[in-house]
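Here is a short report for a reader meeting this structure for the first time. Please keep the sequence and the 3D view at hand.

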Amino acid sequence: MSSELALRYVTVGAFSENSYVVGCVESGRGVLIDPGGEVPELLRIAAEMGLEIQDIWLTHAHIDHVLGLHEAVETTAAPIWLHPEDRFLYDVAPQQGQAFGFPIDALPELDESFESGQRLQLGEHALEVLHVPGHSPGHVAFWFAGSRLVISGDVLFAGSIGRTDLPGGSYETLMDTIRRVIVPLGDDVRVFSGHGPPTTVGEERASNPFLAAG
């Protein structure tokens, strides 16, 4: 691979959610991941990086990760991707918003579905879609083996893990996912989460109290 994956994020909204711009500078192909807000800033960053947003990828369909989706679609006309097991959450976004005090209209129609183990190409950069349930049933992560990084959404955080008390959540499933899917990627792998700062698998294996708890 001739260059490093281009990646930047903006922390947005009351939930301090990380929205990502990721892409390949050589091809100019970019994606938005979990646009939770501040879409004009995300698109400004994409332009600064020399990227054109061609897809919108959702790690999962909780409200804080989709609050900017309407604006993102209206601005870019990019197709939306989601794992089908999170469709039920996507469809009840207005009810999610009401529960958390964030009014939101029904979300735009979905265009594409992620599959576990699916291999995609982002310009020169290959990635694998990892199915990582527990925080939500259809949660996915994006594994860029060539760049030794994973965009993990709300699975593993620096010093913590995703909450499991929302509909479809399961603590046992999440911990199994982390140990079976995320940890084997390798200690050197950088983890870019849906909230909080980046970390590494090794740092979390050594100091995350949830992993230490067994």
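## Before the sheets

Two strands count as paired if DSSP finds at least two bridges between them. With that in mind, Trp-143 stands opposite Val-150 in strand 10. The model is predicted.

How do the axes of helix 1 and helix 2 cross, and within what distance do they come? They come within 9 Å and cross at roughly 45°. Helix 1 is therefore oblique to helix 2. Helix 1 brings Val-39, Pro-40 and Leu-43 to the contact, while helix 2 brings Glu-71, Ala-72, Thr-75 and Thr-76. By class, this contact has 4 nonpolar, 2 polar and 1 charged residues.

## Nonpolar cores

In soluble globular proteins, nonpolar side chains tend to be buried together. Here the largest nonpolar core has 29 residues. Val-21, Leu-32, Leu-58, Leu-69 and Tyr-90 touch the most other members. At least two residues come from each of strand 1, helix 1, strand 4, helix 2, strand 5 and helix 3 (87-91). Helix 1 gives the most, with 5 residues. Apart from this core lies another, of 19 residues, including Trp-57, Phe-114, Leu-122 and Phe-144.

Tyr-90 shows how parts of the chain meet. Neighbours within four places in sequence aside, Tyr-90 is in contact with Leu-58, Ala-61, Leu-69, Ile-80, Leu-82, Leu-107, Pro-108 and Leu-110.

Strand 7 (residues 119-122) and strand 8 are antiparallel, with 4 bridges. Strand 8 and strand 9 (residues 140-144) are antiparallel too, over 4 bridges. Strand 9 and strand 10 (residues 149-153) pair in the antiparallel sense over 3 bridges.

A row of partners runs through these strands. Arg-119 stands opposite Glu-128 in strand 8. In strand 9, Glu-128 has Trp-143 as its bridge partner. Trp-143 in turn faces Val-150 of strand 10.

Is strand 8 largely enclosed or left open? Of the 7 residues of strand 8 (residues 125-131), 6 are buried, so the rest of the structure largely encloses this strand. Buried here means under 20% relative accessible area.

## Turns and positive phi angles

Most residues other than glycine have a negative phi. Glu-38 sits in the loop between strand 3 and helix 1. Its relative accessibility is 42%, so Glu-38 counts as partly exposed. Arg-148 has a positive phi of about 55° and lies in the loop between strand 9 and strand 10. Its relative accessibility is 30%, so Arg-148 is also partly exposed.

A glycine takes a positive phi as well. The hairpin of strand 7 and strand 8 has 2 residues between the strands, and Gly-123 there has a phi near 65°.

Arg-8 lies in strand 1. At 33% relative accessibility, Arg-8 counts as partly exposed. Neighbours within four places in sequence aside, Arg-8 is in contact with Ser-19, Tyr-20, Val-21, Arg-44, Ile-45, Glu-48 and Met-49. Arg-8 and Ser-207 are 199 residues apart along the chain, and their C-alpha atoms are separated by 25 Å.

Conventions. Residues numbered from 1 in each chain as written. Predicted model: local features only at pLDDT ≥ 70, side-chain atom pairs only at ≥ 80, totals over all residues. Heavy atoms only, no water. Buried < 20%, exposed > 50% of the residue type's maximum accessible area, 1.4 Å probe, protein only. Core = buried A, V, L, I, M, F, W, Y, C linked by side-chain atoms within 4.5 Å. Contact = heavy atoms within 4.5 Å. Axes fitted to C-alpha atoms, helices over the stretch in contact; angles between N-to-C directions. Parallel < 35°, antiparallel > 145°, perpendicular 65-115°, else oblique. Nonpolar A, V, L, I, M, F, W, Y, C, P; charged D, E, K, R; others polar.
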